[in-house]
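Let's take a walk through this structure together, one stop at a time. Keep the model open beside you as you read.

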Amino acid sequence: MELRAGDSWGIFTFLCAALCNLPALPALNCTEELGAGQSIQKTYDLTRYLEHQLRTLAGTYLNYLGPPFNEPDFNPPRLARAERVPSATVDLDLWRGLTDNARLAANYRAYSRLLCYLRALDGQAGTAELRHRLGHFCSSLQGLVLSIAGVMSSLGYPLPTGPAGPPAPPGTPVAPNDFLKKMDDFWLLKELQTWLWRSAKDFNRLKKKVPPAVVTLRLEARGF
C-alpha cells in the first residue's frame, strides 16, 4: 500500500498528539549500588592484607632496632610516654558492647593517628630498604583509613570530626635517649598489630550483619 505525502503528515500529527496526551509515566532507572556489604568486604580484605604485611615489616624493623627488641620473649611494660599511641587494649566485652558506629569511629581515629606516627617513623628509618617497606605500608594504611570512611558513609554514619592529631603534639618531650626512642617504636608496632587483629574481627562480624550489594530498580516519577 502506498502512502501519499499528505497521509504521512497526518499520521505523524496524530502520533504526536497521542504522545503528548499520554499520562505521565514513571521512568525506570536501573542503578547498581556499591552497597555497604561490598564496602565492608573490601575493608576486611585490606585489614587481613595489612596484618600479613605488618608481620614482615615488624620483623625487619625490630631486627633494625636490635636486641632486646627483636627477641621473641621481650615484653616490656608500657611507659607513660607511649600513651600518645592509640591503645587497642580494651576489654573485649566492653568493645563488643559498643555500637557499630562507635567502633567504626574508633577505628577511623586510631588508624588516622597511627598513620601519622608511621610516617614520622618512615622519615627516621636508617636504610633504604626499610624506608621502602615503611612507605609501602603507609600507603596501604592510608587506603584502610579511606576504606573505613567509605564503610561509614555507606551505612549513613558521619565521620568523626576534628584532627586526628600530629605524631608529636606540642609540648611532648622527645625521647631523652636512644633506648626510649626504640621503646616508642616498639609500642607503635605492637599496638598497630593489635588494632589490625581486632579490626579484622570487627569487619568479619559486620559483614555478616549487612547483606551484599544488589542491583536495585528505582522508580522516578516524571511530571509530578
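Ser-140 is buried, since its relative accessible area of 11% falls under 20%. In this predicted model, Ser-140 sits in helix 5, which covers residues 128-154. Setting aside residues up to four places away in sequence, you will find Ser-140 touching Leu-46, Tyr-49, Leu-50 and Gln-53.

From here, let's turn to the nonpolar core. The largest one has 49 residues, and the residues with the most contacts inside it are Tyr-111, Leu-118 and Phe-137. Which elements give two or more residues to this core? They are helix 2 (35-65), helix 4 (100-124), helix 5 and helix 6 (178-209).

If you leave out its neighbours within four places in sequence, Leu-118 is in contact with Leu-134, Phe-137, Cys-138, Leu-141, Leu-188 and Leu-192. Phe-137, in that list, is also one of the residues with the most contacts inside the core.

Cys-138, another contact of Leu-118, brings us to the cysteines. How many disulfides does a search of the whole structure find? The search finds 0. Cys-116 is in no disulfide, because the nearest cysteine sulfur, that of Cys-138, is 9.8 Å away, while a disulfide needs the sulfur atoms within 2.5 Å. Cys-138 is likewise in no disulfide, with the sulfur of Cys-116 as its nearest. Are these two cysteines buried or exposed? Cys-138 counts as buried, at 5% relative accessibility, whereas Cys-116 is partly exposed, with a relative accessible area of 24%.

Conventions
Residues are numbered from 1 along each chain as its sequence is written. This is a predicted model: local features need pLDDT of at least 70, side-chain atom pairs count only at pLDDT 80 or more; totals for chains, interfaces and linings use all residues. Side-chain values use heavy atoms; hydrogens and water are left out. Buried means under 20% relative accessible area, exposed over 50%, partly exposed in between (1.4 Å probe, protein chains only). Helices (H or I, at least four residues) and strands (E, at least two) are DSSP runs, numbered from the N terminus. Contact means heavy atoms within 4.5 Å. A nonpolar core is a set of buried Ala, Val, Leu, Ile, Met, Phe, Trp, Tyr and Cys residues joined through side-chain atoms within 4.5 Å.
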